[in-house]
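Hi,

Here is the model I said I would pass on.

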Amino acid sequence: MNNEEMKNKLKEFFMSDLGVDGSVLNFDTPLFGDEIGLDSVDSLEIISFVDENFGVSMTGVGKDPFQSIDTIAAFIESHKA
Amino acid sequence: MMNIYEISEKIAQRPPFQMIEKVTELVPNESAVGIKNVCVNEPYFMGHFPGTPIMPGVLICEACAQLCSLVIEKKPEDLDDKLYVLLKIDGFKFVKPVIPGDQLEIAVNKTKGGGVIVGFDCVVKVNGNLHAKGSLTFTTVPKESLGK
């Protein structure tokens, strides 16, 4: 899976599982800002999804990798086995 | 198959907040079918509602949650310092009222998890007819963090 496919898979997850409106969700949109408005419960869902689908643990990594789809994909890319 | 004595060894809830009385099928970490008998003597029927007893939907969710907790095999290292708690209730529908005399047959199936969260689809039937369904998600929290 290339980087673009990974980001599209993440976007699909945000839309289907977390109820995010795809028309306002770009790869660089802040996920926890006013526009998308995700919260700490959603962050656990993200951790679980990334672990199950990409085999990368994001438990306890702090807030920075969760800023956007771009930063999550970059984290996965740099941590996958 | 578990009776009430075996269930009480596995979960912390107690009457009047014990909502699963028998487990008829159990596949650890996968699925279960459990029974709750709904009795007119249950204390919440005094107020919900006077003269018109209907089991509150939130308590149907709680019955499902208790059955889910019986499915989850706790890791030995987590037993002392971590607690499984309800994280999300998604898409619950209460299709028909549950009233005293009904026997809830609750089926729960794990849909995701094993890591930080565990999710289940839940179906509640009475006499084979659907009365409620929805999804529940759980996570663990360190006991020492509670109330802080």
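This is a predicted model: local features need pLDDT of at least 70, side-chain atom pairs count only at pLDDT 80 or more; totals for chains, interfaces and linings use all residues.

Residues are numbered from 1 along each chain as its sequence is written, and chains are lettered from A and ligands numbered from 1 in the order in which they are written.

Chain B has 2 helices and 6 strands, running α-β-β-α-β-β-β-β along the sequence. I took these from DSSP runs, numbered from the N terminus: H or I of at least four residues for helices, E of at least two for strands. With a radius of gyration of 15 Å, close to the 15 Å that the globule rule gives for 148 residues, chain B is as compact as a globular protein of that length. (That radius is over C-alpha atoms, and the rule is 2.2 Å times the number of residues to the power 0.38.) Its C-alpha atoms fill a box of roughly 45 × 30 × 30 Å along the principal axes.

Now the cores, i.e. sets of buried Ala, Val, Leu, Ile, Met, Phe, Trp, Tyr and Cys residues joined through C-beta atoms within 7 Å. The largest has 23 residues, and those touching the most other members include Ile60(B), Leu67(B) and Ile106(B). Two or more residues each come from α2 (57-71), β4 (103-113), β5 (117-126) and β6 (129-142) of chain B, with α2(B) giving the largest share, 8 residues. Apart from this core lies another, of 14 residues, Phe14(A) and Ile46(A) among them.

Beyond four places in sequence, Ile60(B) touches Met55(B), Phe94(B), Val98(B), Val124(B) and Ala132(B); contact here means backbone-placed C-beta atoms within 7 Å.

One loop residue to check is Asp102(B), between β3 (82-94) and β4 of chain B. Asp102(B) is partly exposed, because 19 other C-beta atoms lie within 10 Å. Its C-alpha atom is separated by 6.3 Å from that of Asn37(B), 65 residues apart along the chain. Leaving aside neighbours within four places, Asp102(B) contacts Val38(B) and Val126(B).

Finally, the interface: 8 residues of chain A contact 8 residues of chain B.

Cheers

How values were computed: Two residues are in contact if their C-beta atoms, placed from the backbone, lie within 7 Å. A residue is buried if 20 or more other C-beta atoms lie within 10 Å of its own, exposed if 12 or fewer, and partly exposed in between; C-beta atoms are placed from the backbone.
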